[in-house]
Amino acid sequence: MSYVDGFVLAVPKAKLEEYKKLANLAGPIWMEHGAQAYVECIGDDVPYGELTSFPRAVQATGDEIVVFAWAVYESRQSRDTVMAKVMADPRLTPDLGPMPFDMKRMIFGGFQPFIEL
């Protein structure tokens, strides 16, 4: 069964094109290093809930857009190998400059699927 990394973050609307450029750079690198799928989605119907919601989870403000992304791997072991390669890839070094979003508010984690249809 596969393994999935999930990410939720808030991107300032003014920096959305910059973020898309970064995602278009990163996605192929993830795939090159062994990810089976890489998806980035811009929030389209993500209301600010009273208690919980995607915007609340990342403390999104009115001038930010919620991004939901995930990568799929063959297994947890494969994910660990892919992530090590991605993090060491010189194309994704800090030389890229500041991130177009607040990394402190990004939520991420690894998930073991229990149903795959």
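## A polar contact between Ser2 and Glu116

A polar contact is a pair of N or O atoms within 3.5 Å, and within protein one of the two must be able to donate a hydrogen and the other to accept it. In this model, which is predicted, such a contact of 2.9 Å joins the side chains of Ser2 and Glu116. The two residues stand 114 places apart in sequence, yet their C-alpha atoms are 8.6 Å apart in space.

Ser2 belongs to the segment that comes before strand 1, the strand covering residues 3–12. Because buried means under 20% relative accessible area, Ser2, with a value of 8%, is a buried residue. When neighbours within four places in sequence are left aside, Ser2 is in contact with Gln36, Val72, Tyr73, Glu74, Gln112, Pro113 and Glu116.

## The chain as a whole

The protein chain holds three helices and four strands, and read from the N terminus its elements follow the order β-α-β-α-β-α-β. The radius of gyration of the protein chain is 15 Å, close to the 13 Å that the globule rule gives for 117 residues, so the chain is as compact as a globular protein of that length. Taken along the principal axes, the box filled by the C-alpha atoms is roughly 40 × 40 × 20 Å.

Of the 117 residues in the protein chain, 37% are buried. Among the contacts between residues at least 6 apart in sequence, 82% join residues that are at least 24 apart. The accessible surface of the protein chain comes to about 7,600 Å², and carbon and sulfur atoms account for 59% of that surface. As for charge, the protein chain carries 11 positive and 16 negative side chains, with the centres of these two sets lying 4 Å apart.

Gly110 is placed in strand 4, which covers residues 107–111, and with a relative accessible area of 33% Gly110 is partly exposed. Apart from its neighbours within four places in sequence, Gly110 is in contact with Tyr3, Val4, Asp5 and Arg79. From Gly110 to Ala14 the separation is 96 residues in sequence and 29 Å in space, C-alpha to C-alpha.

Arg79 lies in helix 3 and counts as buried at 15% relative accessibility. With neighbours within four places in sequence left aside, the contacts of Arg79 are Tyr3, Asp5, Tyr73 and Gly110. Ala84 also lies in helix 3, which runs over residues 76–88, but Ala84 is partly exposed, with a relative accessible area of 47%. Ala84 and Val67 are 17 residues apart in sequence, while their C-alpha atoms are 23 Å apart in space.

Ile65 is found in strand 3, where its relative accessibility of 17% makes it count as buried. Not counting residues up to four places away in sequence, Ile65 touches Leu9, Ala10, Val11, Lys13, Leu16, Ile42 and Gly43.

The loop between helix 2 and strand 3, the latter covering residues 64–73, contains Gln59. Gln59 has a positive phi of about 55°, although it is not a glycine. Since exposed means over 50% relative accessible area, Gln59, at 53%, is exposed.

Ser53 has its place in the loop between strand 2, residues 37–42, and helix 2, residues 54–57. With a relative accessible area of 17%, Ser53 is buried. A polar atom of the Ser53 side chain lies 3.1 Å from the backbone nitrogen of Gly49, and the backbone nitrogen of Arg56 also lies 3.1 Å from a polar atom of that side chain. Leaving out residues up to four places away in sequence, Ser53 touches Pro47 and Tyr48.

How values were computed
Residues are numbered from 1 along each chain as its sequence is written. This is a predicted model: local features need pLDDT of at least 70, side-chain atom pairs count only at pLDDT 80 or more; totals for chains, interfaces and linings use all residues. Side-chain values use heavy atoms; hydrogens and water are left out. Helices (H or I, at least four residues) and strands (E, at least two) are DSSP runs, numbered from the N terminus. Buried means under 20% relative accessible area, exposed over 50%, partly exposed in between (1.4 Å probe, protein chains only). Contact means heavy atoms within 4.5 Å. The radius of gyration is taken over C-alpha atoms; the globule rule is 2.2 Å times the number of residues to the power 0.38. Accessible areas come from the Shrake-Rupley method with a 1.4 Å probe; for residues, only the protein chains shown count as cover. Lys and Arg count as positive and Asp and Glu as negative; His and the chain ends are not counted. The place of a charge is taken as NZ of Lys, CZ of Arg, CG of Asp or CD of Glu.
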